[in-house]
Amino acid sequence: MKKSIITFALVIVSILCLLSIAVFGIRVWGIPGVFDEGGIRLGLDLAGGSAILYEADTNETPSRDEINSAVAMIQGRLDMLNYSEATVAASGINQILVEIPGISDPEEAVKMLGANAVLEFRDSDGNIVMDGKDIESAVASFGDARGYGNEYFISLKLRPEAVSKWAEATRIAAAKSSTSENYIAIYLDDNLMMRPSVEKELNTDSCMITGGYDRAGAEYYAGIISAGQLPFALKDVQLTATGPMLGEKSLETSLIAGLIGIILVMIFMTVYYRLPGFIASIALVAYIAIIGVTLVITQANLSLPGIAGIILSVGMAVDANVIIFERVKEELRSGKTIKASVSGGFHRAFTAIVDSNITTLIAAVVLWIFGSGPIIGFAVTLFMGVIISMFTAITVTRWLLNQIVRMNITNGRLYGL
């Protein structure tokens, strides 16, 4: 019994420490808290950002299919650059509105995104040897690309019809006598991105681009190249810095409302289910701490849809505890002991809890894969929330309740009868 009390107390202290880390971070290790700068990454509706209105720079009015294709490609480029909460939408017959959270300078956003997204590969004489339509994919990789040790590089894959002209271009570049001319430069909107040297003819559909990149640089350039080329050029006609739609005061009010809601849930669980409800409240605190730390570590954009995903997973965590405790009460009513009732209650509720959570996880994965913008933000937080809620509801609650049983607390009224 004494050992169970000590273990129970240590778990409570551990949960409180984790909650403290989530709120305040660890200054010595440079880990920020959820409210610190560099903590949770807020979306456009909570933190503001930049809005760019693009217009098709073409003599002919683009078709609806071309507009939709451009919207999808810009959204894909933003997703590759880890701006999953950015929104891209058609506006009128020839305009596209892009909103990017976290970037207060619209001109910086245009530079990062590429105003026209016209990608060109040019030789040292300025001739265009390939363009973005010839690229099938580009990914950031890490390994020994040149035999000099591990480094970050870009793995480039070409479309089959581009292999012959790529081979011709690399053969000519490699054959140049001057080392200052044997390269093929990559331009985005007439701005030089990189100028990798060519050592030999590359008569294949794949190659590697090296250049001393760090991880962020390799991922950035790979995302730009992989996004391909838009069906028409774009020009920015309006740049604005967008303030947070909710505002700091509204965000603070929302957090207070959420805290009040969680406290009311804890009170209800404790009053109705008594000791198991109190244990579930402790597990809910553990859930809040873990989700906070996870959001800081993953740097997932948190917007209103993301908050909705978290709230939904909180409801599922409480719902799982309700199912468990009702099963425990049924076992107690049948005349079983406290220990047998707790074990039987968890066993009988396990299948229902897992089935319901797995179906939710499948839906979250589908939204994550096929969604874009705010939908991805909702899917990410829902996925993380469901995983963490399953852990706290099944593992933390069960473990703490078993420690209570080992303390010989056997009064049925304390377990909801």
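Mentor: Start with a term: pLDDT is the predictor's confidence in each residue, from 0 to 100. It applies here because this is a predicted model.

Trainee: Which element of the protein chain has the highest mean pLDDT?

Mentor: For the protein chain as a whole, the mean pLDDT is 79, with 85% of residues at 70 or more. Among its elements, the lowest mean, 69, belongs to helix H1 (residues 2-24). The highest, 89, belongs to helix H5 (residues 163-175).

Trainee: Which element gives the most residues to the largest nonpolar core?

Mentor: That core has 46 residues, and Tyr287, Ile324, Phe325, Val342, Leu401 and Tyr415 have the most contacts inside it. Two or more residues come from each of helices H7 (247-273), H8 (275-298), H9 (304-333), H10 (338-370) and H11 (374-406). The most, 13 residues, come from H8.

Trainee: How many residues are in the second, separate core?

Mentor: Among its members are Met130, Ala138, Ala162 and Ile209. The count for this second core is 26 residues.

Trainee: Is Thr392 buried or exposed?

Mentor: Thr392 lies in helix H11. Its relative accessible area is 2%. Buried means under 20%, so Thr392 is buried.

Trainee: Which backbone oxygen does the side chain of Thr392 reach?

Mentor: Leaving aside neighbours within four places in sequence, Thr392 is in contact with Ala283, Ala286, Tyr287, Ile290 and Thr397. Its side chain also reaches a backbone oxygen at 3.1 Å, that of Ser389.

Notes. Residues are numbered from 1 along each chain as its sequence is written. This is a predicted model: local features need pLDDT of at least 70, side-chain atom pairs count only at pLDDT 80 or more; totals for chains, interfaces and linings use all residues. Side-chain values use heavy atoms; hydrogens and water are left out. A nonpolar core is a set of buried Ala, Val, Leu, Ile, Met, Phe, Trp, Tyr and Cys residues joined through side-chain atoms within 4.5 Å. Buried means under 20% relative accessible area, exposed over 50%, partly exposed in between (1.4 Å probe, protein chains only). Helices (H or I, at least four residues) and strands (E, at least two) are DSSP runs, numbered from the N terminus. A polar contact is a pair of N or O atoms within 3.5 Å; within protein, one must be able to donate a hydrogen and the other to accept it, and residues adjacent in sequence count only if both atoms are side-chain atoms. Contact means heavy atoms within 4.5 Å.
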